[in-house]
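Hi there,

Here is the structure I promised to pass on. Have a look at it first, and then read my notes below.

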Amino acid sequence: MKQHHTLIAALSVFPLAFLIGCSDRGPAEEAGQTVDEVMEEAQERYEDAVDATTEAVDDAAEAAGDAVNEPGPAERTGREIDGAMEEAEEAVEDMRE
């Protein structure tokens, strides 16, 4: 009977010891974490580049249109409001990060 209790105690401690032993991250896990971080940074830079390119193309198209047809006061006011809204949205987004 005593051996039975010893066996149960040993088997109960083994999973706990296994989990404690696995708390250290090995070199492969560290490398994987580094790759994940690099990929996240690359994704963010890609999205920023796409946004900047889209904005530049939109600005160029707007400038070309303005060269042909100069905007009136209502159009200029609307553009200023749009710009202010974009700046406010970016400020809110920056605060969330």
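Predicted model: local features only at pLDDT ≥ 70, side-chain atom pairs only at ≥ 80, totals over all residues.

Residues are numbered from 1 along each chain as its sequence is written, and side-chain values use heavy atoms, with hydrogens and water left out.

What does Glu62 pair up with? Its side chain meets that of Arg79 in a salt bridge, 3.3 Å from N to O (a salt bridge is a side-chain nitrogen of Lys or Arg within 4 Å of a carboxyl oxygen of Asp or Glu). This pair links distant parts of the chain, since Glu62 sits in helix 2 (residues 27-68) and Arg79 in helix 3 (residues 73-96), 17 residues apart. Helices here are DSSP runs of H or I with at least four residues, strands are runs of E with at least two, and both are numbered from the N terminus.

Asp66 forms a salt bridge with Arg79, with the closest N and O atoms 2.6 Å apart. Because Asp66 is in helix 2 and Arg79 in helix 3, this pair ties together parts that are 13 residues apart in sequence. Asp66 has 23% relative accessibility and counts as partly exposed.

Then there is Glu75, whose side chain meets Arg79 in a salt bridge at 3.0 Å, N to O. Both residues lie in helix 3, four residues apart, which is about one turn of the helix. Glu75 is partly exposed, at 40%. Through shared partners, salt bridges join Glu62, Asp66, Glu75 and Arg79 into one network.

As for the whole picture, the protein has three helices and zero strands, running α-α-α from the N terminus. A search of the whole structure finds four salt bridges. Of its 97 residues, 1% count as buried.

Cheers!

Key:
Buried < 20%, exposed > 50% of the residue type's maximum accessible area, 1.4 Å probe, protein only.
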